[in-house]
Amino acid sequence: LSYSELAAEIIFKFTGDDIEFDELLKITEKVYSNFTNDEVAPLKDIGNNNFLLELFYGPTLAFKDYAMQFLAADFERVMKLKNENILILGATSGDTGSAALHAFSNLKLIDIFILYPNGMVSEIQEAQMTTISSDGAFPIKINGNFDDCQNIVKTIFENLDFKKRLKLTAVNSINWARLVPQIVYYFYSALKVTKPGNKVSFSVPTGNFGNIYAGWCAKKMGLPIEKLICASNKNNILTRFFNSGKMETKPVQKSYSPSMDIQVASNFERLLFELYDGRFDIVQKAMNDLAEHGKFKLSSNALKKMRQDFLSGTASEKVTSGTIKKTLNDFGQLVCPHTSVGLAIANELLERQDLAPMVTLATAHPAKFPDSVAEHTGVTPKLPQRYNGLFSKNEVFTLVKNNFTEITNIISKRTSV
């Protein structure tokens, strides 16, 4: 099947009676025809039984486009049926915000607000958000880190009166419909790498746990994934957790891979729910302990279950840098620093263990992080031609304190809903 056909087949399994298959196929064909590679998500063989899955051929050059573009098309379908306006609120460590603002900004029935941390996204990621010309698109720069932005979004969604009055909805991966389209490229790449039924492993640069959780969902659907590798940078709360079963937050450190500079991975709550067999009371206590005390511990049985599906590893800044350089020297392939983290852990595990063919997710175009890539290789990656003139455009954004009340006031005043 083509990528669009496979997407329709997989997404349709989650739609119930909400949409007919032929209508869904029309949406996926329209959405993915706008991607700049005919295969949509092509694979590159980089030796040692390792493959790069290039997920940067969408409008904003990152894997978030694969779900966000579909989600926008489906939102538009539903809003037209209901003939009502909605307000979208999200937080971003870089790529989600640019993908969401690009996908939703020109839809008449939708206003979108995206919170992002001041000084903690790349120059290109910020420009992609702040140069969008649309009355309904509002980038909001927060004096804080991504976890602060995400916490504000969660707190606003927990205010049910505010949520109902403004018809608030999410496009972060806390929205299940954002995760479902990401399941598709796990199936697509596995079927390219090996014969149906053969095992395959995935190395996933991991921050908020949404991308790798989509891979776990693919495995639950029947894709024979041997291991899902959670690849972390020096903000390695998840690696520490996979090794010890103890989740404990530490201060966020700036790194070469800023989209992974996260301590509280919101999608991990979903995995906990599954590991505890749907015991939401246990999950709720764990998440409350994390919020109040900055830590919680997994039961030995749940940890054992988790290790059946997952491996983990941390790439230091030095290793990340070296892997970017080595990948260019050995394979003529420039990769972004996040992809480098995934490759580094994949290479390390392939040397130590006899694993199934490994697919490493290349989560963003290297040109989204030109300074970092150039620093390690001496080569400055070029943006695709369609982004010529990006930095000469007028920027529009709002800079605010890390304050819940101030942000809710801004949203209330500026929305047309």
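In this predicted model, the crossing of helix H3 with helix H8 is right-handed. The two helices, H3 spanning residues 64–82 and H8 spanning residues 176–193, have axes that come within 8 Å and cross at roughly 130°. On the H3 side the contact is made by Lys64, Tyr66, Ala67, Met68, Phe70 and Leu71, while H8 contributes Ala177, Arg178, Pro181, Gln182 and Tyr185. Sorted by class, the contact of H3 with H8 has eight nonpolar residues, one polar residue and two charged residues.

By class, the contact of H4 with H5 divides into two nonpolar, four polar and one charged residue.

The two pairs are set out below.

| Helix pair | Axis distance | Angle |
|---|---|---|
| H3 and H8 | within 8 Å | roughly 130° |

Turning to the strands, an open sheet of six strands runs in the order S1-S2-S12-S7-S8-S11, with mixed pairing. Strand S1 (43–45) and strand S11 (310–314) stand at the edges, and because each has a single partner strand, one side of each is left without a neighbour in the sheet. From one strand to the next, the twist averages 25°. Within this sheet, strand S2 (residues 50–54) and strand S12 (residues 358–362) pair in the parallel sense over five bridges, and Phe51 stands opposite Val359 in S12.

Two helices lie across the strands S8 and S11. Helix H10 (residues 237–244) lies across strand S8 (225–232) and S11, running at about 130° to S11, whereas helix H13 (residues 300–309) lies across S8 and S11 while running at about 100° to S8.

Taken as a whole, the chain has 17 helices and 13 strands. Its radius of gyration is 20 Å, close to the 22 Å that the globule rule gives for 417 residues, so the chain is as compact as a globular protein of that length. The C-alpha trace spans about 55 × 50 × 45 Å along its principal axes.

Key. Residues numbered from 1 in each chain as written. Predicted model: local features only at pLDDT ≥ 70, side-chain atom pairs only at ≥ 80, totals over all residues. Heavy atoms only, no water. Axes fitted to C-alpha atoms, helices over the stretch in contact; angles between N-to-C directions. Helix = DSSP H or I, 4+ residues; strand = E, 2+ residues; numbered from the N terminus. Left-handed = near helix turned anticlockwise from the far one by under 90°. Contact = heavy atoms within 4.5 Å. Nonpolar A, V, L, I, M, F, W, Y, C, P; charged D, E, K, R; others polar. Pairing = 2+ DSSP bridges. Rg over C-alpha atoms; globule rule 2.2 N^0.38 Å.
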